Amino acid sequence: MNLRLLPIFIFVCTIGFSQSNGKIKKYTIDINQFYGSVLLHNTDISHLISNHPGGLIVSYNRKTYGDEAWQETFNYPDIGGSFIYQNMNNSTLGDNYGIYAHYNFYFFKRLMQFRIGQGIAYNTNPYDKYDNFRNNAYGSRLLSSTYLMLNYHKENIFKGLGFKAGVTLIHYSNANFRAPNTSTNTFALNAGLTYDLDGGEEIAFLPTREKEKIIEPIKYNLVFRAGLNESDVIDMGQYPFYIVSAYADKRLGRKSAIQLGGDIYFSRFLKELIRFQSIAFPENGVSADDDYKRVGVFLGHELFINRMSVITQLGYYVYYPFDFEGRMYNRVGLKRYFGNKVFGAVTLKSHGAKAEAVEFGIGVRL
């Protein structure tokens, strides 16, 4: 999805609520209680899984009715903001308080709702090498948080009051902005109420409009990304990284484009890790002069949602002088277009489930 937190939240809010200037405006709120378990995604956090966490999700949603073409394309989703309180029910982990921007997508005659939210969370008891050394899940007070909900969702059962119930997955991490960063994933059951602030007034979706057919030639993209991160060695320090990416994309229609390109990585934390391993673990055969740069090639997909898009990329290092988390890598994130050519991006780069960094980028599509 890390101190990607505040910038990502602002980024997503800008994306979402900047699109709320349509003629039809209708708002709902919902409140859900949840109770679940922390998943054992990494054996290093087994000592932290003791009791069942629970909490509360409070949300504010703006419905869409087709004022803009993308709304009909995605079956009239909601745009909203959320607050989550989670009691981890473990004194080592503390409590989490998060704020999010989210989308609600609907299926099966709008009786099933899928929500994806991204934001920042505040943890009350992060890692401290003297006072809380057992908390290897959260290395900082500010955490990146992503949550997913899949709910049966029935609105306006009685005078605007409705019901929802389903499952929720909540992820907390700081994406190696600071070590340690083992992270947690909570799987929970949730149930709650929804309320239409207009008291249940029904509004019809706008008539289907003629869909614009999008045909584009191959486009060429150049992106510069940067940020801060730290290796898994605690107290090694945070260092900047820089990434230069170039790729071509081909639009397949209204929603999608495929990508093919490459990345060049200049990660200072890796330079320091090489130096550390050459001294601390000479048996590994690592030399302090080993090159820390990496070059990768990738295939990707871009999902267009109005001025926003979601990118997913899978890459392979073709130049890889130092072994760090394997040759395969992946990137997921958000892009926001400013005009027809310039875009900003916030992405998470990882190796499988192991996050390396949150990247903040600016690029041009020609």
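I started with the second largest pocket, which has a volume of about 640 Å³. Of the 20 residues lining this pocket, I noted I214, R251, R254, N306 and R307 as the closest to its centre. My model is a predicted one, so noted in its record: local features need pLDDT of at least 70, side-chain atom pairs count only at pLDDT 80 or more, and totals for chains, interfaces and linings use all residues. Residues are numbered from 1 along each chain as its sequence is written, and side-chain values use heavy atoms, with hydrogens and water left out.

For my own reference, on a 1 Å grid over the protein atoms alone, a pocket is an open set of points with protein on both sides within 12 Å along at least five of seven lines, a cavity is a set where a 1.4 Å probe fits but cannot get out, and lining residues have an atom within 4 Å of a point. Points are joined across faces, edges and corners, and a volume is the space filled by probe spheres set on them.

I sorted the pocket lining by class and got 4 nonpolar, 4 polar and 12 charged residues (Asp, Glu, Lys and Arg are charged; Ala, Val, Leu, Ile, Met, Phe, Trp, Tyr, Cys and Pro nonpolar; the others, Gly among them, polar). Helix α2 (residues 69-73) gives the largest share of that lining, 3 residues (helices are DSSP runs of H or I, at least four residues; strands are E, at least two; both numbered from the N terminus). Domain 1 (25-196) and domain 2 (217-365) each put at least three residues into the pocket lining, with bounds from an automatic or database domain assignment.

**Cavity**

Next I checked the largest cavity, about 30 Å³ of space. Its lining has 4 nonpolar, 2 polar and 3 charged residues. β16 supplies the largest share, 3 residues.

**Cores**

Which residues have the most contacts inside the largest nonpolar core? I found I84, Y138, Y147, I170 and Y172, in a core of 18 residues (buried Ala, Val, Leu, Ile, Met, Phe, Trp, Tyr and Cys joined through side-chain atoms within 4.5 Å). β6 gives the most to this core, with 3 residues. A second, separate core of 14 residues includes Y247, Y265, Y320 and F343.

**Loop residue**

I ended on T92, in the loop between β3 (78-87) and β4 (95-107). T92 counts as buried because its relative accessibility is 13% (buried is under 20% relative accessible area, exposed over 50%, partly exposed in between; 1.4 Å probe, protein chains only).
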